[in-house]
Amino acid sequence: MAPTDCLPMKNGIMEQRLRREAKALLEQGKVSCVIGFEAGSLKFTTTPLITGDKDDTQRLVISPFMANNLSVFLTGVKGRVAIVAKGCDSRSIVSLIQDNKVVREDVVIIGVPCSGVIDLTKVEGLVGKDRDEIADITRDGDKVLITVNGDKRECPVQEVLFDNCLACEMPTPQEYDILLGEPTAAAGDKEKAKSREKINSLETMKPDERWAFWRNEFSRCIRCYACRNVCPACFCERCFVEETEPPWVLPIPRWQDSLMFQVVRNLHVAGRCTDCGECERACPVGIPLRSLAREMYDIVGELFSYRAGMDKEAPPLLACYEPTDVEDFIR
Amino acid sequence: MTAKKIARRDIADLLNEWSREFGVFVPSRDEGVAKWARWGGGDAGFLEWYRNTVVPPKALFFPPLEEMFSFQKDGDGYHVGQPPPTEDRWLVFGIRPCDARALAVLALTFKDGYQDPYYLARRKNGVLVGLGCTRPYESCFCTSLGISPTDAANVDLMLTDIGDDFLVEAVTDKGKELLSKTSLVQAATGADEARAEEARDAAGARVTRKVDSQGAHEKLRAGFEDKDFWERVSAKCISCGICTFLCPTCYCFDISDELVKKQGARFRSWDSCAFPLYTKMPVENPRREKWRRLRQKVCHKYEFYPDSFDVIACTGCGRCIRLCPVNWDITRVLSSLPAQEQLRLER
């Protein structure tokens with residue numbers, strides 16, 4: 001394998017450039033804040049780094065564990081900001097620009113050509129060990145090397161990437177100011193099919209089976225709102241579940257209320273959701289929220305030929321009307 | 001009382017025995033998520049995978065949702081009904097020392113000033129059977145809070161894994177009563193006790209995350225107004241409820257009424273100081289900004305609770321670290337608190 005194909009090395013080169021660029025942007029006063037990733041405090045994690053201190057830029061990293069969609073922080077910081085964005089994150093940024101939540105000129109997008117993020121839950125399932133009991137996970141090209149108790153195990157990377165990464169339509173940001181490396185290829189049909197396995201199995205269920213499935217899933221919901229709070233498309237200052245006079249949905253973890261909350265949330269982010277997968281990843285009780293989100297994403301695509309966050313000049317889907325829009329659902 | 005032991009293969013039978021007298025709750029998995037569930041017989045497979053549950057056992061005593069009472073609208077007024085009955089006698093099998101200590105911490109609040117009938121009744125009717133940790137998580141830091149992962153201090157009966165057997169120690173009268181009724185236990189030998197001691201030492205050594213919990217109090221008090229610090233450390237927090245809801249010592253709750261036609265109920269459900277709505281009042285919200293809410297969470301655990309009850313309201317279970325979607329790590333924050341001297345100089 002040629003050294004330039006080696007992913008750890010590519011990441012290393014991108015990381016060095018990222019640190020230089022971020023530092024320069026702060027030093028030259030072009031931005032007042034940088035949003036990126038630094039090493040997390042647990043194995044195989046990164047954590048958001050939000051800083052205005054140029055010395056902190058030396059902590060910035062590029063790794064196969066950059067799970068967060070950092071665009072969620074954009075609306076909370078003041079001034080001009082530089083932000084590290086994978087393809088999916090860049091789509092969320094574009095979507096925020098479309099909704100007038102972010103001004104394009106106020107953001108310096110540092111694009112990362114992404115090869116997919118490793119889903120630790122899948123790795124755990126594969127090796128039968130918890131993440132903190134795994135010695136090492138190394139991504140190299142299309143393979144992942146997992147070391148447990150001295151035993152090395154190799155598997156195709158598709159086995160351990162997040163489902164939404166398998167379906168990724170834009171691994172390399174289209175909208176960027178700085179691009180850290182060469183563009184990476186979008187997902188192939190095989191990966192896309194794999195990413196829909198869970199959703200397909202739901203679609204083949206009878207309605208009452210599916211109802212029972214979601215009832216069981218939402219019985220675990222604790223209403224922590226992590227799904228909402230990690231979602232860049234959920235930018236309401238006050239969520240409908242916080243209305244108290246009168247309440248729309250009670251803030252109690254009863255499965256019916258929790259399911260209603262999630263269904264309404266899905267409707268609210270229709271046309272904004274970029275299938276970044278954060279809702280499902282953040283859920284502490286493992287509710288397969290991406291199955292709902294992706295289904296809505298596909299419905300939006302089918303009905304309106306629209307994909308969120310692809311064009312910053314396009315009007316937001318639900319803020320515009322075309323005479324050709326389907327309307328056979330109105331009865 | 002000298003220690004006893006029980007064979008690993010007999011645990012299921014023991015749980016079956018106890019089920020005749022108690023509602024027995026054990027670690028269980030629902031779609032891969034570890035939680036507490038009623039023992040349904042079968043084999044005690046959880047002994048092989050169980051490290052700790054995502055939702056802490058506080059949920060058995062202080063549920064995420066409970067009906068406080070029902071009410072019916074009749075004529076001009078309301079008729080108030082009794083709350084649904086709770087379990088008469090019940091038993092939690094496998095609680096970890098951190099979570100058992102957390103129940104003791106919670107009790108301080110639930111019996112201070114006002115007596116919380118819901119929590120206290122469940123506590124009174126409940127028996128805790130502890131299970132020492134052999135595989136603490138990378139995120140665990142109980143030893144920094146004066147707890148050992150095999151601590152028997154807050155349970156009725158304590159089990160320590162010694163391979164083919166568990167060493168069993170009765171800690172309270174409730175525990176002694178449990179032991180006296182079963183024929184599945186036998187006297188432990190000196191070798192068993194030695195193996196248990198080894199297991200305890202080994203478990204303690206596996207907790208590698210450390211924090212200066214005692215020094216935190218003074219630093220937090222001195223740095224309360226250090227807005228820059230709190231803004232900096234709260235920047236990446238997304239203000240969700242994971243770290244508070246799943247904290248074994250957090251106890252805040254909200255109350256909601258629901259009236260459908262003439263039948264209603266009053267519910268209490270977990271609430272979180274991470275939510276902006278939590279402190280919203282008619283004219284103002286004293287914790288509108290995220291850094292104030294996050295400061296409250298840390299100070300409540302490491303400054304205010306010690307001031308009120310002389311105990312830190314954190315047991316180092318590590319859930320807030322391993323379940324946080326942004327890897328916000330309380331041990332990192334506590335370790336980075338500015339030293340007092342530094343603050344004095346800055347003033």
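**Close-up views of chain A**

**View 1. Overall fold of chain A.** The secondary structure of chain A comes to 11 helices and 8 strands, where helices (H or I, at least four residues) and strands (E, at least two) are DSSP runs numbered from the N terminus. The radius of gyration of chain A, 20 Å, is close to the 20 Å given by the globule rule for 331 residues, so chain A is as compact as a globular protein of that length; the radius is taken over C-alpha atoms, and the rule is 2.2 Å times the number of residues to the power 0.38. This is a predicted model, in which local features need pLDDT of at least 70 and side-chain atom pairs count only at pLDDT 80 or more, while totals for chains, interfaces and linings use all residues. Residues are numbered from 1 along each chain as its sequence is written, and chains are lettered from A and ligands numbered from 1 in the order in which they are written.

**View 2. The two domains of chain A.** The domain assignment, automatic or from a database, gives domain 1 (3-119 + 161-319) and domain 2 (120-160) of chain A. Their centres, taken over C-alpha atoms, are separated by 24 Å. The contact (C-beta atoms, placed from the backbone, within 7 Å) takes 15 residues from domain 1 and 14 residues from domain 2. On the domain 1 side, α1 (7-27) and α5 (189-195) of chain A each supply at least two residues, and the residues of this side divide into 9 nonpolar, 1 polar and 5 charged, with Ala, Val, Leu, Ile, Met, Phe, Trp, Tyr, Cys and Pro counted as nonpolar, Asp, Glu, Lys and Arg as charged, and the others, Gly among them, as polar.

**View 3. Helices α7 and α9 of chain A.** The axes of α7 (residues 207-219) and α9 (residues 255-268) of chain A come within 8 Å and cross at roughly 100 degrees, and the two helices are therefore roughly perpendicular to each other (65 to 115 degrees). These axes are lines fitted to C-alpha atoms over the stretch in contact, with angles running from 0 to 180 degrees between N-to-C directions. From α7(A) the contact draws on A:W214, A:R215, A:F218 and A:S219, and from α9(A) on A:W255, A:S258 and A:L259.

**View 4. The side of chain A that touches chain B.** Here 30 residues of chain A are in contact with 35 residues of chain B. On the chain A side, β2 (46-51), α8 (226-229) and α10 (278-282) each supply at least two residues, and β2(A) gives the most, with 3 residues.

Technical notes
Angles under 35 degrees count as roughly parallel, over 145 as roughly antiparallel, 65 to 115 as roughly perpendicular and the rest as oblique. Two residues are in contact if their C-beta atoms, placed from the backbone, lie within 7 Å.
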